[in-house]
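Reader: I'd like a close look at one part of this protein, the charged side chains. Could you walk me through how they pair up or gather, and then what sits around them?

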Amino acid sequence: QEGQGGEAQMKVKAQAKYVRESPYKVRRVLDLVRGLPVGEAETVLKFVNRGAAEPVVKVLKSAVANAEHNHSLDADDLFVAEAFADEGPTLKRFRPAARGRATRIRKRTSHITIVVANKEVN
């Protein structure tokens, strides 16, 4: 994507697949960091009291590392351009229920994707 008068905006992606956390729970964490500078996003995630924060931090750090190593971008100039969690395969388990029946337990998984981009220089 070419900016108005300057440098092209570079987008770099990182993804974690089959994370054993419900996409609904992961999305609540991702909503907190979407659009933030990377440093600020890491600080927010450090203090979020949710289990889904841990895999999200890992994906964010991976995206930053990809940007630095593969595209020679400066980590200080990056922000979270996109962050989303798609639904992965659901593990189906059964639990005993009353009267000799069984109820299905759905253990959901997520595919977490974070895209970081550098700020456009005009």
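Author: Here is a walk through the charged side chains, followed by a few spots elsewhere in the chain. Keep in mind that this is a predicted model.

Let's start with the pairs. Side chains of opposite charge can pair when their charged atoms come close. Counting a side-chain nitrogen of Lys or Arg within 4 Å of a carboxyl oxygen of Asp or Glu, you end up with three salt bridges here.

Take Glu82 and Lys11 to begin with: their side chains meet in a salt bridge, with N to O at 3.5 Å. This pair links distant parts of the chain, since Glu82 sits in strand β2 and Lys11 in strand β1, 71 residues apart. As for how open the two partners are, Glu82 has a relative accessible area of 31%, so it counts as partly exposed. Lys11 is partly exposed too, at 35% relative accessibility.

Next come Glu87 and Arg108, which form a salt bridge with their closest N and O atoms 3.2 Å apart. Glu87 belongs to strand β2, while Arg108 is in the loop between β4 (102-107) and β5, so this bridge ties together parts that are 21 residues apart in sequence. Glu87 is partly exposed, with a relative accessible area of 48%. Arg108 has a value of 30% and is partly exposed as well.

Then there is the bridge between the side chains of Asp31 and Arg34, at 2.9 Å from N to O. Asp31 comes out at 48% relative accessibility, so it is partly exposed.

On the positive side, Arg20, Lys25, Arg28, Arg50, Arg93, Arg95 and Lys107 come together in a surface patch. Two elements, α1 (23-33) and β3 (91-96), each give two or more residues to this positive patch. Arg28 has a relative accessible area of 42%, so it is partly exposed.

On the negative side, the surface patch is made by Glu68, Asp74, Asp76 and Asp77. Asp76 is in the loop between α3 (53-71) and β2 (78-87). With a relative accessible area of 64%, Asp76 is above the 50% cut-off and therefore counts as exposed.

That loop has another residue to look at, Ser72, which is also placed between α3 and β2. Most residues other than glycine have a negative phi. Ser72 has a positive one, near 50 degrees, and is not a glycine. Ser72 is exposed, with 66% relative accessibility. You'll find another positive phi at Arg99, about 60 degrees, again in a residue that is not a glycine. Arg99 is in the loop between β3 and β4, and its relative accessible area of 77% makes it exposed.

What about side chains that reach a backbone oxygen? Look at Ser110, in strand β5. Its side chain reaches the backbone oxygen of Glu21 at 2.4 Å. Ser110 is buried, with a relative accessible area of 0%.

Gln9 gives you another contact of this sort: a polar atom of the Gln9 side chain lies 3.4 Å from the backbone oxygen of Asn118. Gln9 is in the segment before β1 (11-19). At 15% relative accessible area, Gln9 falls under the 20% cut-off, so it is buried.

Lys119, in the segment after β5 (110-118), is 109 residues from Met10 in sequence, and their C-alpha atoms are 8.6 Å apart. Lys119 is partly exposed at 43% relative accessibility. Thr90, in the loop between β2 and β3, is 19 residues from Thr109 in sequence, with 6.0 Å between their C-alpha atoms. Thr90 has a relative accessibility of 22%, so it counts as partly exposed.

Key:
Residues numbered from 1 in each chain as written. Predicted model: local features only at pLDDT ≥ 70, side-chain atom pairs only at ≥ 80, totals over all residues. Heavy atoms only, no water. Patch = residues over 30% accessible without salt bridge, like charges linked within 9 Å, V, L, I, M, F, W, Y side chains within 5 Å. Areas by Shrake-Rupley, 256 points an atom, 1.4 Å probe, with all protein chains shown as cover. Lys, Arg positive; Asp, Glu negative; His and termini not counted. Charge placed at Lys NZ, Arg CZ, Asp CG, Glu CD. Helix = DSSP H or I, 4+ residues; strand = E, 2+ residues; numbered from the N terminus. Buried < 20%, exposed > 50% of the residue type's maximum accessible area, 1.4 Å probe, protein only. Polar contact = N/O pair within 3.5 Å; in protein donor to acceptor, adjacent residues only side chain to side chain.
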